[in-house]
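Grab your viewer and a pencil.

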Amino acid sequence: GRAAHLFGLYAPEGLDNAALKAELDRRRIYVSLRGSAVRVSPNVYNDAADLGALTAALAETAPG
């Protein structure tokens, strides 16, 4: 099911999930990988800068 405090992003085809997870961990960005989806659970401790860091990391690790 879907919950208000969770959202998923579908990874583009060809993305190396292990490399993505390692890079996010290196940047201290913690998410769950579920198949081809990245599950994000923001909470009251996250702010716009945290979401910006996630967006930048995803953009930099996306294929092509």
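Predicted model: local features only at pLDDT ≥ 70, side-chain atom pairs only at ≥ 80, totals over all residues.

Residues are numbered from 1 along each chain as its sequence is written, and side-chain values use heavy atoms, with hydrogens and water left out.

**Exercise 1. Work out the strand order of the sheet and find its edge strands.**

Step 1: get the pairings. Strands are DSSP runs (E, at least two residues), numbered from the N terminus, and two of them pair if DSSP finds at least two bridges between them. β1 (residues 7-10) and β3 (residues 37-40) share four bridges and run antiparallel. β2 (residues 32-34) is also antiparallel to β3, with three bridges.

Step 2: check some partners. Phe-7 bridges to Val-40 of β3, Leu-33 bridges to Val-38 of β3, and Ser-32 sits opposite Arg-39.

Step 3: assemble. The order is β1-β3-β2 in an open sheet of three strands. β1 and β2 are the edges, as each pairs on one side only. Neighbouring strands are turned by 30° against each other on average, direction ignored; the angles are taken between N-to-C directions of lines fitted to C-alpha atoms, on a scale from 0 to 180 degrees.

Step 4: look at the turn. Two residues lie between the strands of the β2 and β3 hairpin, and Gly-35 there has a positive phi near 65°.

**Exercise 2. Describe how α1 and α2 pack.**

Step 1: geometry. Helices are DSSP runs too (H or I, at least four residues). α1 (residues 17-26) and α2 (residues 48-61) pack at about 145°, with axes 10 Å apart; each helix axis is fitted over the stretch in contact.

Step 2: who touches whom? With contact meaning heavy atoms within 4.5 Å, α1 brings Leu-20, Glu-23 and Leu-24, while α2 brings Leu-54, Ala-57, Leu-58 and Thr-61.

Step 3: classify. Five of these contact residues are nonpolar, one is polar and one is charged.

**Exercise 3. Which element gives the largest share of the lining of the second largest pocket?**

Step 1: list the lining (residues with an atom within 4 Å of a pocket point). Among them are Arg-28, Tyr-30, Val-40, Pro-42, Asp-50, Leu-51 and Leu-54.

Step 2: assign. α2 gives the largest share, three residues.

Step 3: sort by class. The lining has seven nonpolar, two polar and two charged residues.

Notes:
Nonpolar A, V, L, I, M, F, W, Y, C, P; charged D, E, K, R; others polar. 1 Å grid on protein atoms, 1.4 Å probe; cavity = no way out; pocket = protein on both sides within 12 Å on 5 of 7 lines; lining within 4 Å.
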